[in-house]
Amino acid sequence: MTLLLVGLGFCLLGVLTSALPRTYRVPVTASCAALGCALAFCAAMRVLVTGDTVSFHTTLILPLNGFAMTLDPLGALFIVATALVGFASCVYCIGYVRGELQSRSAMGLFVAFILSLLAVPAASSIATLMLFWELMAVSSMLLIVVEHRHRREARDAALWYGVMTQLGAASILLGLLLLTLRGGGQTFTEIKSHADALSPIVRSSAFMLVLLGFASKAGAVPLHVWLPKAHPEAPSPVSAMMSSSMVAMGVYGIIRVGDDLLHGGTVWWWIAVVALGTLSALYGALHATTSTDIKRLLAYSTIDILGLVLIGVGAAGALRDTGHPAVAQLALMAALLLVVAHAGFKGALFLGAGAVERATGTRDLDQLGGLIHRMPVTTTIFALSACSIMAVPTLSGFSSEWLLLQGLLHGFTDASTPTLIALLVGIVALALTGGLTAVAFVKALGIGFLGQARTLGAVNATEVAPTMQIAMALLGAVSIVLGLVPGLVVPLINRAAQSGLSRSTMSPLARGTGLVLAQLRGAIQPAFLFVGAAAVLVAVWLINRRLVHRSARRVDAWGCGRDVQTARMQYTATSFGEPLQRVFADVLRPQSDVELTHVAESRYYEQSLKYQNQVSDAVEQFGYRPVIDAVLRGGKAARRIQNGSIHRYLAFGFVALLVVLVVLA
Amino acid sequence: MNAATYTGALELAAGAVLVSAVMTLWRRQVRTIVTMLSLQGISLAAVALILAAHEHDGALALTGLLVLIVKGVIVPGLLRRIARLDPRSRETTPLVNVPASLVFAAVLIVLSYVVSARVTSVAPSVATRMVPIGVATVLVGYFMLVTRRRAVSKVVGLILVDNGIALVTFLLTSGVPLIVELGSSLDVLLVVVVLQFLVINMGEQLRRSELDQMKELHD
């Protein structure tokens, strides 16, 4: 615990050092925060390895009940994931930071944001949790508007985010307070011991309120509207933190309250979680395929992956009291592994997108291309992480999604009908999103990094600073480790899942480098797979060299008979996503416009052709817009009674007093 | 003091408080209004002193003296000075004209008797029977605050409200602790001092002291 507190202390020091003069500010602040992350990582790792739970309590900092922190394996896992991305983002910052992000307040907020993310999973009383939760919300909201001078969209995004996150926090607070009705105490231990004494209605409504808040943080559809606006607008290291750690806090909250504090609750809670997850997975994946803004694409894919995580969490909750508790733990382990894997690859992808934006000045895929020749390192890591998110075997996305599939499949035996339906739907969602994610990332990689450069910005791109490359490589390595030898981290994930499921003692996976189900059928050895695949590749290469004896010949690509090929003839991101956009037009509701002007002499020849295609968020348009408009109308109507006359304001008070008196009399 | 004298004196003093409140609605000349206010302060102090004499309560007597000094002398004195800054100041066009105001005041007094019936019935005594007078003073003061245009009249309305509340507390609880009364009296004093600056400023900027001219609160 001391280690974690020292780590948080270093982060706090980082907040202070952001007041240093401009020349030292970024390196010193980022180093402090990176050190803090490293210490927090060690502290959390120790808890995961030993399985001990450590706690800390002082009455000095917060009034009434004091400040309570407990580090148990479940929280430790989330701290590990956060610390990894936090460390990488800090290192990345050293090369990246320029312009507005360099300012005192922005750097301070950035470190405060990391601090809050490291502290949320360790908070063990309502007051402490809400303190860090709000710090996280406020600092991230302010970080979104850091670049608001250049980008007007950032203001809108911050407003959306601010409203949604505050409503979410209020809902969480209300739900947690409901849990204190019986015991009165607000530490998690007290809540846990009194949870069973609460009436089922109170328990259910508390969980639903808490779920509402945490799910909106986790970007679950239909509470996701802020996410594709906010994540792209933040500076890239912040986006990486938001997308890989902050959304995971939503998942953490659901597991902590539902599984740990309330001991599982009833099945329909978890079926609701699976439903939310399914909806998010499909919706996010679908939107990712049609996005052309690279960071927006990544944000939608975050919704998608978090949806899969929620499916795992929901399946675990639904299965824990039926027949196979080991399968429930398997599903939870899969969800947790996916959280860590997602932190790795999504962090790397966002940092990569930041590198691209820095090098080319744009994040529109339709204006990129050919970056593989100019930014080889960035491209390699981006490609690796993209393969991981597409669940290519031997990478982390594959091992975690395989485990999730196993958890869902093995849950079929003696599951009740509603659970069975939920599991089936989850499996279908997993399969379908797998395909859609592949489309989205083939597009991001193929259009953005391969082919020819489409604009001058892409032509003139150069490789980014070494610190940025190191940071990306670090997160890329997470994908490889978790993918090749997932067995190494299985004991750690197992501990976290055990503590999440109220101290179960099962271990559904056997020890080893691969993933081998202990009592059930199913095993995978990515390391062997990799060796085998590598051997086949080498063999093919050797055979090719020996037998075919043909030296490589370099020619231009086939251009359908045309001599000159320009970059504009290439497939664009918009055209790549167009078929899917057509197929799913009912969900995506694209708005396309074709504007044709003819030459004055003849209508058979066109002078110019303009095509516009826009996919806006249907949930926002049909679910949120009417509410916002109604509120605005109400506000306008209420303004009419405000005319600035002091007599009128006084008269309001007088009339109100008279009405009260008459009613009383 | 025998019972009949006590009842008579208390009724007279409390009645004077309400009458002076209604008089402020009637008169237009700001200086006359301030004189009425002074009269009300003195009557209020009289109520406190009569109660103190009846119950042999030294603290209440002290409170009564304090009220006499602050509300009977200092506050009206300050207001008179403000009024003197604008010697011909008259409440020429109140938002509700004088006859209508007086009729409305009568309605308010009836209303306060109806409302206070319950309070009186809880502990019927000579003092609590006069609670409606205090409530009526509050309502008349509030009415003045709403309908009069001049800054000084508005403050007089505010002080009427304060005096009404003080009267109710004296009658119901035989006076609040001295420190509370001291606090509220100082508040009123502060309001008057602030008003002085306000009126001087308005006089310099707008050449008149009617709050109609100020619509800056808009937006």
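# Close-up views of a predicted two-chain model

**View 1. Helix α10(A) gives the most to the lining of the largest cavity, with six residues.** This is a predicted model, in which local features need pLDDT of at least 70 and side-chain atom pairs count only at pLDDT 80 or more, while totals for chains, interfaces and linings use all residues. Residues are numbered from 1 along each chain as its sequence is written, chains are lettered from A and ligands numbered from 1 in the order in which they are written, and side-chain values use heavy atoms, without hydrogens and water. The largest cavity holds about 60 Å³ of space. A cavity here is a set of points on a 1 Å grid over the protein atoms alone where a 1.4 Å probe fits but cannot get out, and lining residues have an atom within 4 Å of a point. Helices α5 (126-144) and α10 of chain A each supply at least two residues of this lining; helices are DSSP runs of H or I, at least four residues long. Look for Trp133(A), Phe188(A), Phe214(A), Met249(A) and Arg256(A), which are among the lining residues. By class, the lining has ten nonpolar, one polar and one charged residues (Ala, Val, Leu, Ile, Met, Phe, Trp, Tyr, Cys and Pro are nonpolar, Asp, Glu, Lys and Arg charged, the others polar). The model has four cavities of 30 Å³ or more.

**View 2. The largest pocket has a volume of about 1,200 Å³.** Closest to its centre, of the 46 residues that line it, are Arg151(A), Glu153(A), Asp293(A), Arg296(A) and Arg363(A). The pocket lining counts 19 charged, 17 polar and ten nonpolar residues. A pocket is an open set with protein on both sides within 12 Å along at least five of seven lines, and a volume is the space filled by probe spheres set on the grid points.

**View 3. Here chain B meets chain A, with 22 residues from chain B and 18 residues from chain A in contact (heavy atoms within 4.5 Å).** Together the chains bury about 1,700 Å², 74% of it on carbon and sulfur atoms; this is accessible area (1.4 Å probe) lost on being put together, summed over both. Between the two chains there are zero salt bridges and zero residue pairs in polar contact, with both residues at pLDDT 80 or more. On the side of chain B that touches chain A, α4 (98-122) and α5 (131-147) of chain B each supply at least two residues. Of these elements, α4(B) gives the most to that side, with six residues. That side of chain B has 14 nonpolar, one polar and seven charged residues.

**View 4. A salt bridge joins Asp260(A) and Lys192(A).** Their closest N and O atoms are 3.3 Å apart. The pair links distant parts of the chain, with Asp260(A) in helix α10 (residues 236-261) and Lys192(A) in helix α7 (residues 188-194) of chain A, 68 residues apart. Over all chains, the count is 15 salt bridges (a Lys or Arg side-chain nitrogen within 4 Å of an Asp or Glu carboxyl oxygen).

View 5. Val221(A) and Pro222(A) are joined by a cis peptide bond, with omega about 5°. Most residues other than glycine have a negative phi, and most peptide bonds are trans.

Definitions and conventions. Buried area = accessible area lost by both parts, 1.4 Å probe. Polar contact = N/O pair within 3.5 Å; in protein donor to acceptor, adjacent residues only side chain to side chain.
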